[in-house]
Amino acid sequence: MKKKVAVFTNGWSDDYLDFALEGIRRRANEDNIDVFIFLDYTAYDKSQEETSGELNILNLPNLESFDGVLLLGNTLNNAGENGILREKILEAKVPSVCLEFVLDDINCIRTENVNGMKELVEHLITVHDVKDIFWISGPKDNAESQERYQAVVETMEKYGLTVDPDRSFEGSWSYAIVEQQLPEVIQNMDKLPDVFVCANDSMALGTCVVLEQLGYKVPRDVRVTGYDNLMSGNYFSPILTSVDRGWDERSYQAMDSLIDLINGAPDFGDKVYDSHFDLGESCGCSMGDEGLKLQNEARRKAFLIPIERTIFDWHLLDIDKAVAHVKSLEDIHNTFVKLSQKNHSYEGDDFYICLDKGVIESFENDVRLRTVGYSDEITVVFGMKDAIPVPIQTINRIDIVPDYNPESSETAMYLMIPLHIDDECYGYFVTKNHYHSIKDFYMNSLTGHISSALERARQNIKLENLNKILADISVRDELTGLYNRMGYEKIVIPYLDELRTQNKKSIIMVADINRMKVINDKYGHLQGDNAIKIVSNVIKKSIPKKWKAVRYGGDEYVILGEYSDSEDIEGIKKNIIEKSLRVAEDMNSPFNLGVSVGYAVIEPNNSLGIEEYFRMADEAMYEMKQEAHNKE
């Protein structure tokens, strides 16, 4: 059986993941190892409920069922994922490697934060005569951000310069935070610094955009540098000056080291590789022909991305509209069948929408969905295998991926993303060999819309079930649970008409309690109600399941159903009469419970109406009632 590796990462660092997952894929392919990627979209500016919903994906896998675990640790700091996963790994005692982040008792492959930053700052000082630096940091308690800042301080001191600790801003790795909060900081400055040195490229790109909006040009008016060497930084104008961490190579090395551990190699502790300065234009340099080539590619992408995003948005709108009128689980499945036939390029040829059992149960029960973990039973409401839709199926949570083949000669990479609304768990989305859809946050938007669609579908189904209950209440007799007169008109008569249309013989029975007025007058209406309920329950248990029973009046019942010559009508009649008497006696009722029953067989080719057959059955019942009265 082939080996399996679990990979955990956050999805916001999409440029990084494009490199890192490719390196992992290359190494896994060499040994035909399947990779299961568990991805969340936690962020510092998300609500606690939203964060909890994302973090729940960490509870999906049973790590003991994997041969190894790889953490992309530098992405897993937004909501304490590294700490959570460390405990799970140590408890499972599974070989593990953390990439780009040091965790106690976990082997680590990382690029150091000092060398490349020192090279960058030295370039700023010696080439561009920089003396005044404004620092934009990651989270203040983040070790990587602190190391990068310390490299800036030490390099400045080397040249007799100082860094003003007040000339800083906490961007928390976030483009959005920089875009929202940095403008006020800049507007309150007496003068611009020589350079904004940012702890990552996302914040550097945000800084460039903010400066442009405030009327400043980079690098003419002020320089900006980043860290990470994102592809988006290479396509930006000006091309971002940054620090390269060799992501593709590091991820390959991390996977290679994990495979060694799986095969019995001893723990290696902490392996550290150098980072390197990567020249760009945002510091004031020119990249010549290489820069022109990158800018031409950026222009091409600038043209294509809005078009591609518009087409993608149409797909999201199709998902939103498709669930507007679903009324059942089967409707959800059929909706996605139609959608996939139209377009499934964003989901891939092999993907599954997996619902937690709690969602299915909530269709009929007004309960809050699970917020921690997943049920043992998972319903795959829709899936495609080799681009062909598969039926609704149920799997055990421990299996995670439907239709998984552990004997396949093909190396597979499965991507698992949580489906939730706030902290309520809906399930998860699985796609195979389609991890590039993480790029440009397509997968975040897609799974977000799927989650919203599932919630809308759930509410529709709950409302439909409620309407059925209300509709059933309107046609049911409150005392007995049998159909009432409205049920007789709306359900029973149409049922009888259908039998006649199908050329099937049917039966109509009329039953009535003997001396009902005496029971009410002598023993009270509570005893009268008890008599009515006894007969009703006996009728329910005595007639075939498909037959319909009606409380037609106070103590009068009508029963209709399909009839065959083998049907023992006399036996059913006798059972209703004798069992009603026996049940009343067993309950020590103060009255003798007598029931009269008459019936008529309805021939399908007879032109008589239902009213005439009703009259015939009623007359037969009345004759029996008269006989009973005469014997008293």
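1. Basis. The model is predicted, so local features need pLDDT of at least 70 and side-chain atom pairs count only at pLDDT 80 or more, while totals for chains, interfaces and linings use all residues. Residues are numbered from 1 along each chain as its sequence is written, and side-chain values use heavy atoms, with hydrogens and water left out.

2. Cores. A nonpolar core is a set of buried Ala, Val, Leu, Ile, Met, Phe, Trp, Tyr and Cys residues joined through side-chain atoms within 4.5 Å. Buried means under 20% relative accessible area, exposed over 50%, and partly exposed in between, with a 1.4 Å probe and protein chains only. The largest such core has 62 residues, and Leu21, Leu70, Leu72, Met255, Ile332 and Leu446 have the most contacts inside it. Helix α13 (residues 442-474) gives the largest share of this core, 8 residues. Helices (H or I, at least four residues) and strands (E, at least two) are DSSP runs, numbered from the N terminus. A second, separate core of 43 residues includes Val178, Leu182, Met203 and Leu211.

3. Leu70. Contact means heavy atoms within 4.5 Å. Apart from neighbours within four places in sequence, Leu70 is in contact with residues including Val5, Val7, Phe8, Ile24 and Met255.

4. Helix α15. Which residues of α15 (residues 516-523) are buried? They are Met516, Ile519 and Asn520. These cover an arc of only 95° around the axis, which puts them on the same side of α15; the arc is that of the directions from the helix axis to the C-beta atoms. Lys517, Asp521 and Lys522 are exposed on the other side. The cover over the buried residues includes β19 (506-513) and α16 (525-542). Just after α15, Gly524 takes a positive phi of about 95°.

5. Two strands pair if DSSP finds at least two bridges between them. An open sheet of 4 strands has the order β7-β6-β8-β9, with parallel pairing. Its edge strands, β7 (168-170) and β9 (223-225), each pair on one side only. Between β6 (residues 133-137) and β8 (residues 195-198) there are 4 bridges, and Ile136 has Cys198 in β8 as its bridge partner. Helix α5 (residues 143-158) packs on the sheet, touching β6 and β8, and its direction makes about 170° with that of β6. Axes are lines fitted to C-alpha atoms, for helices over the stretch in contact, and angles run from 0 to 180 degrees between N-to-C directions.

6. Antiparallel sheet. Another open sheet of 4 strands has the order β20-β21-β19-β22, with antiparallel pairing. The edge strands here are β20 (548-551) and β22 (595-602). Val550 stands opposite Val558 in β21. Helix α16 packs on this sheet, touching β19, β20, β21 and β22, and its direction makes about 5° with that of β21.

7. Aromatic pairs. Rings of Phe, Tyr and Trp (its six-membered ring) pair if their centres lie within 6.5 Å; planes under 30 degrees apart count as stacked, over 60 as edge-to-face and the rest as tilted. The count comes to 22 aromatic pairs. The ring centres of Tyr16 and Trp247 are 4.8 Å apart and their planes are at 80°, so the pair is edge-to-face. Tyr16 lies in helix α1 (residues 14-30) and Trp247 in helix α9 (residues 247-262), so the pair ties together parts that are 231 residues apart in sequence. Both Tyr16 and Trp247 are buried.
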